[in-house]
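Me: I would like to go through this structure by question and answer. Please keep each reply brief and end on the value or name requested.

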Amino acid sequence: MQDNVRPESMKRITTPELASAFIDEQVKELREQIGDKKVLLALSGGVDSSVVAALLIKAVGQQLVCVHVNHGLLRKGEPEQVVEVFRNQMNANLIYVDAVDRFLDKLAGVAEPEKKRKIIGAEFIRVFEEEARKLDGIEFLAQGTIYPDILESDGVKAHHNVGGLPEDLQFELVEPVKLLFKDEVRVVGKALGLPDNMVFRQPFPGPGLGVRCLGAITRDRLEAVRESDAILREEFAKNGLEGKVWQYFTAVPDFKSVGVKDGKRTFAYPVIIRAVNTTDAMTATVEDVPFTLLQHITQRITTEIDNVNRVLYDLTPKPCATIEWE
Ligand code: XMP
């Protein structure tokens, strides 16, 4: 097993050739470590877990069991893409768990952001644990730990945390990208043939849209967040801002305002757009999005989404605001 310290001699993986050498070496090591045993992976569809899945599929094929938990807080199209890429294209052994109702029931009426985060994290572990218990012969647990997680938090990756499993479900850890930085994980992912929109994805918080549907989550506002986020992403991609802006998303607050549509009074939710640039997420500046594009996005959001009658652009840098609203 690799040590948790990156050797000074380790070259930064910046090219497809270096990625290819890393992949060959990892495949060999993973085969040695895992032998003919089974390995379990919580596959969120984020960059890190997707790269780990692709590496393990290459190394041990059907001995890898991926569990994708759809907690209802993912972006539009994400659960479908996980199934398409991993089950249909890569022929992975993938268990898809539809846990949407379960999560939303647990979250009903809970408005406090940290409580929401705790419920989402704890419920995720519970669902994963239930799936793990149904399986026989699992000896390893794969995780998408990357080097900044080790540097920042003594190896405990908060948002990939399946480390909260009970005593009788402790597996040996498999962490093939734990010495890599994010940009290297992306180069490896590309070399493994993962789609660009998976590999070059912007950061997405573990609790997902749960912290962008502000206050107590309701299904109608969650839908408004998901649909407005999809419109924003589509328009940023079309207008050359995808890959240029570090993080962009929408949030929907838990109050309504008065509007007018087709000569009738409406009482509906606002959508807040946020688009920021940063290097380390400790401070951030606001992207200067062209006004005409903001107007076009506003037009689309207010006409295509039910229950929305107003769009706002958040002009606040970090500090004094955080990037997320909760
Ligand atoms: P803030 O809002 O603190 O966000 O300025 C900084 C970065 O962290 C992300 N973020 C999270 N990531 N779990 C995560 O995995 C979380 O609970 C969480 N909260 C914020 C945020 O999206 C931004 O990139």
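This is a predicted model: local features need pLDDT of at least 70, side-chain atom pairs count only at pLDDT 80 or more; totals for chains, interfaces and linings use all residues.

Me: How far from an oxygen atom of the ligand does a polar side-chain atom of K318 lie?

Reply: A polar contact is a pair of N or O atoms within 3.5 Å; within protein, one must be able to donate a hydrogen and the other to accept it, and residues adjacent in sequence count only if both atoms are side-chain atoms. For Q247, a polar side-chain atom is 2.8 Å from a ligand oxygen, and for I323 a backbone N or O atom is 2.8 Å from a ligand oxygen. For K318, the distance from a polar side-chain atom to an oxygen of the ligand is 2.6 Å.

Me: What percentage of the ligand's exposed area does the protein bury?

Reply: Accessible areas come from the Shrake-Rupley method with a 1.4 Å probe, and for residues only the protein chains shown count as cover. I323 places a backbone N or O atom 2.8 Å from a ligand oxygen. Taken alone, the ligand exposes 490 Å², and the share of this that the protein buries is 75%.

Me: Which residue's side chain makes a polar contact with the side chain of E324?

Reply: E324 lies in the segment after β10; strands are DSSP runs of E with at least two residues, helices are runs of H or I with at least four, and both are numbered from the N terminus. At 12% relative accessibility E324 is buried, where buried means under 20% relative accessible area, exposed over 50% and partly exposed in between (1.4 Å probe, protein chains only). Contact means heavy atoms within 4.5 Å, and beyond four places in sequence E324 is in contact with P205, V211, R212, Q247 and F249. The side-chain polar contact, at 2.8 Å, is with R212.

Me: Is R201 buried or exposed?

Reply: R201 is found in the loop between α8 (196-199) and α9 (219-238). Its side chain reaches the backbone oxygen of G45 at 2.6 Å, and a polar contact of 3.1 Å joins it to the side chain of Q81. Among the residues that R201 touches are R75 and E78. With a relative accessible area of 13%, R201 is buried.

Me: What is the N to O distance in the salt bridge between E78 and R75?

Reply: A salt bridge is a side-chain nitrogen of Lys or Arg within 4 Å of a carboxyl oxygen of Asp or Glu, and the structure holds 28 salt bridges. E78 is buried at 6% relative accessible area, and R75 is buried at 3%. The N to O distance between their side chains is 2.7 Å.

Me: How many residues apart in sequence are the parts that D314 and R274 tie together?

Reply: The side chains of D314 and R274 meet in a salt bridge of 3.2 Å, N to O. D314 lies in the segment after β10 (308-313) and R274 in strand β8 (residues 264-277), so the parts that the pair ties together are separated in sequence by 40 residues.

Me: In which helix do R300 and E304 both lie?

Reply: R300 forms a salt bridge with E304, the closest N and O atoms being 2.7 Å apart. R300 counts as buried at 13% relative accessibility, whereas E304 counts as partly exposed at 46%. The two are 4 residues apart, about one turn of the helix, and both lie in helix α10.

Me: How far apart in space are A111 and V211, C-alpha to C-alpha?

Reply: A111 lies in the loop between α4 (100-107) and α5 (113-134) and is partly exposed, with a relative accessible area of 41%. Beyond four places in sequence, A111 touches K116, G215, A216 and E326. A111 and V211 are 100 residues apart in sequence, and their C-alpha separation in space is 9.9 Å.

Notes:
Residues are numbered from 1 along each chain as its sequence is written. Side-chain values use heavy atoms; hydrogens and water are left out.
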